[in-house]
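Good morning, colleagues. Please look at the sequence and the model on the screen while I describe some of the contacts.

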Amino acid sequence: MSGVTQNVENVDDIDYSDIEAKYKVEYDDSFDNTLIVDGVPIIDKSKLERLLTKICKEFSRKGVPVKPDDIFMPWDESTGKSKGYLFMDFRNANDANTALLAMDNHPFDAKHTFKLNRFDDGEKYANMDETYVEPEIEEYTPREHLRAWLTDPQGRDQYVVYRGDDVEIFWHGKPSQCELAYKPDWKDFLYVSWSPQGTYIATLHRQGVRLWGGPSWKPQQRFAHPLVKLIDFSPCENYVVTWSNEPIVVPEGKPQGPQYFSPDDEGNNLAVWDIKSGHLLRTFSTNTGTEGAVKRQMQWPALKWSPDDKFVARVTPGQMISVHELPSMFLHDKKSLKIEGVVDFEWCPLSDKDRDEVEKVASVGAKGAKKAPENMIAYWTPEVANQPARVTLLSFPGRAILRQKNLFNVSECKLHWQNQGDFLCVKVDRHTKTKKSIFCNLEIFRVREKDFPVEVVELKDTVTDFSWEPKGERFAIVSTNDPNLGNPGPGITIKTDVSFYQLDRVKNDFKLLKTLPNRTSNAIRWSPRGRFVVLATVGSSTKSELEFWDLDFTLEDRRDGQVVKEDWGSSIQSLGLADHYGVTDVEWDPSGRYLATSASAWTHTLENGYAIWDFRGQELLKQIQDRFKQFLWRPRPRTLLSKDQQKQIRKNLKEFSRVFEEEDQRESENVNTELLALRRRLVDEWNAWRARSKKELGEGQGHDHAKEKQSEEDKEEIEVWVEEVVEQIEEEVED
């Protein structure tokens with residue numbers, strides 16, 4: 001018995017502290033994973049389930065999934081309603097931090113915006129030391145100006161060249177001013193793209209999109225959209241759309257947050273991003289499905305921006321147009337525009353005057369400026385049963401129908417806005433009653449005039465290209481009746497006619513100015529300043545002509561924008577004819593003084609490269625480069641000069657021109673001086689070589705023998721002629 005007692009006493013003496021320490025369960029009394037959400041709608045208990053479902057959906061859409069069971073809603077017992085805030089538990093502190101970053105200041109609806117705080121912050125702020133401590137002032141680090149290239153003293157433009165795996169960005173100006181601006185080391189990308197105002201250049205990689213900019217071309221933003229193939233910027237550079245042919249997949253363990261896709265985005269392939277914050281705003285699916293055995297081709301851009309960046313819209317063919325507000329991406333007015341049969345639509349561009357009003361409202365506020373003009377949408381619907389085809393102009397967000405036009409025997413319509421929104425041309429492809437032949441009509445809406453009058457230009461042929469003159473009242477078309485148009489064989493070039501039309505303010509219709517018959521041109525490229533136009537044959541294996549035309553060659557034909565001669569086409573003159581073999585792309589620079597043509601290896605592999613021409617068709621530069629892919633001019637934003645300032649500059653143009661002419665003269669003199677120095681150096685080298693040769697010859701054969709070898713060549717004198725302009729006088733001769 002005593003032995004048993006002794007064993008029990010020995011058991012009590014065993015030390016279990018190491019085991020207890022190893023398996024001790026720590027009680028977490030912190031609330032790091034709990035957030036307080038303010039700005040929640042005040043409801044009664046009957047609406048609780050719907051509200052929690054919507055809140056969970058909003059959080060999940062931002063990459064922070066939460067369940068209704070994780071939410072505690074306090075109630076006011078006296079009224080039976082909620083108190084306008086709630087508590088939300090997450091799995092850990094990291095998820096809570098992600099939710100705080102993603103959802104703080106998030107607009108829940110038009111009247112409520114979420115305000116998020118950590119639960120522990122309440123106690124921290126309640127016990128905060130009220131003794132003021134002056135904060136440390138951080139050293140200011142200036143950021144690079146993203147539009148610094150506009151301050152170039154020589155006023156040069158830039159362009160980017162993509163060849164092989166290398167990208168180069170060049171300055172372009174006078175021959176002596178053209179130089180390499182930057183050669184980045186970007187690797188493994190699909191192609192490059194400038195933003196509409198030239199602030200950023202985008203590169204598309206397997207992992208997503210990178211934006212670069214500033215004088216040092218540092219990375220400015222990135223968007224994680226794997227396998228991205230297409231990109232589209234909003235007009236004011238606030239947002240960007242990315243698309244991939246592969247649906248979005250979010251593997252487990254991938255980063256979550258406002259800059260990444262969430263599980264709710266899986267299956268979609270179109271994404272909208274905020275450029276400044278890098279946040280994902282929303283995703284869509286562009287799967288068009290099949291109709292019978294035919295799969296519809298996706299239109300690009302799939303989302304179309306309003307010119308002021310306030311709205312973005314997409315069409316569901318045959319059903320509706322859905323317009324979303326920015327930056328919330330909520331459906332405007334919570335409903336789409338239900339339009340039976342709708343095929344396509346386009347936003348009306350803002351004129352310079354309207355854009356000034358929009359900027360004034362944004363800077364001064366609604367009290368100090370006129371109301372900004374409403375946006376406008378044009379859309380068309382085809383013939384259905386006994387209903388004719390129809391073109392409609394609609395104000396937005398007012399949704400008022402401004403004008404409708406019925407059309408008959410319609411096969412297809414294309415909407416072409418003039419860049420100031422003054423005119424809308426609807427190119428209508430019509431068929432005869434037998435549907436065996438196609439012809440074209442141009443229905444032109446004069447948008448700035450009362451009741452939106454419509455002028456009709458009837459044509460007998462098929463129109464293959466249409467283009468408005470920028471800021472003008474003229475347009476050009478390419479038309480053809482070539483029977484090979486529908487099915488051109490190898491080596492066959494379609495014969496075309498190019499015609500120019502002008503608005504006749506007296507007769508209130510569009511009058512034919514001139515037709516250029518028997519051409520092969522299939523592309524019209526207006527200078528961004530108007531007046532000059534290039535007619536190009538693009539994508540042909542046998543023809544590659546470039547025709548340079550001036551539509552105001554005789555300047556005295558026009559006074560204050562009004563044509564005063566009876567011969568409308570007399571001022572249209574050819575400036576030059578050129579050729580760029582295998583040309584695939586034609587693009588004017590922002591100044592309208594230079595034209596670039598290129599032959600991309602993405603289309604063919606024969607004589608790839610690019611060329612730069614002046615507006616008269618004189619070749620300034622040509623580069624033949626293997627594996628050349630892309631040439632893009634850098635766009636420029638709108639001028640900061642007011643209308644009065646521009647008018648004053650035009651008035652004193654001769655005075656300003658004199659300064660630039662003096663600079664050109666000095667540059668020419670410098671070039672002549674350098675050329676003269678080069679020639680003198682070459683002459684000196686030649687004379688020195690002759691002297692050495694004579695000396696060596698004399699030493700080898702003796703003085704007498706060298707004397708006999710004296711010839712007329714030894715007595716040759718070299719003279720250098722330099723032409724110098726002493727004085728230049730300009731005289732104006734009056735008739």
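Is Lys 183 buried, partly exposed or exposed? Lys 183 is partly exposed, with a relative accessible area of 47%; buried means under 20%, exposed over 50% and partly exposed in between, with a 1.4 Å probe and protein chains only.

This is a predicted model, in which local features need pLDDT of at least 70 and side-chain atom pairs count only at pLDDT 80 or more, while totals for chains, interfaces and linings use all residues. Residues are numbered from 1 along each chain as its sequence is written, and side-chain values use heavy atoms, with hydrogens and water left out.

Lys 183 forms a salt bridge with Glu 168, the closest N and O atoms being 4.0 Å apart. A salt bridge is a side-chain nitrogen of Lys or Arg within 4 Å of a carboxyl oxygen of Asp or Glu. Glu 168 is partly exposed, at 23% relative accessible area.

Next, consider Arg 519 and Glu 547, whose side chains meet in a salt bridge of 2.9 Å, N to O. Both residues of this pair, Arg 519 and Glu 547, are buried. The structure holds 27 salt bridges, and a network of them links Arg 446, Glu 449, Glu 455, Glu 473 and Arg 505.

I turn now to the nonpolar side chains. The largest nonpolar core has 25 residues, of which Ile 55, Phe 59, Met 88 and Phe 114 touch the most other members. Such a core is a set of buried Ala, Val, Leu, Ile, Met, Phe, Trp, Tyr and Cys residues joined through side-chain atoms within 4.5 Å. Apart from this core lies another, of 19 residues, including Val 391 and Phe 445.
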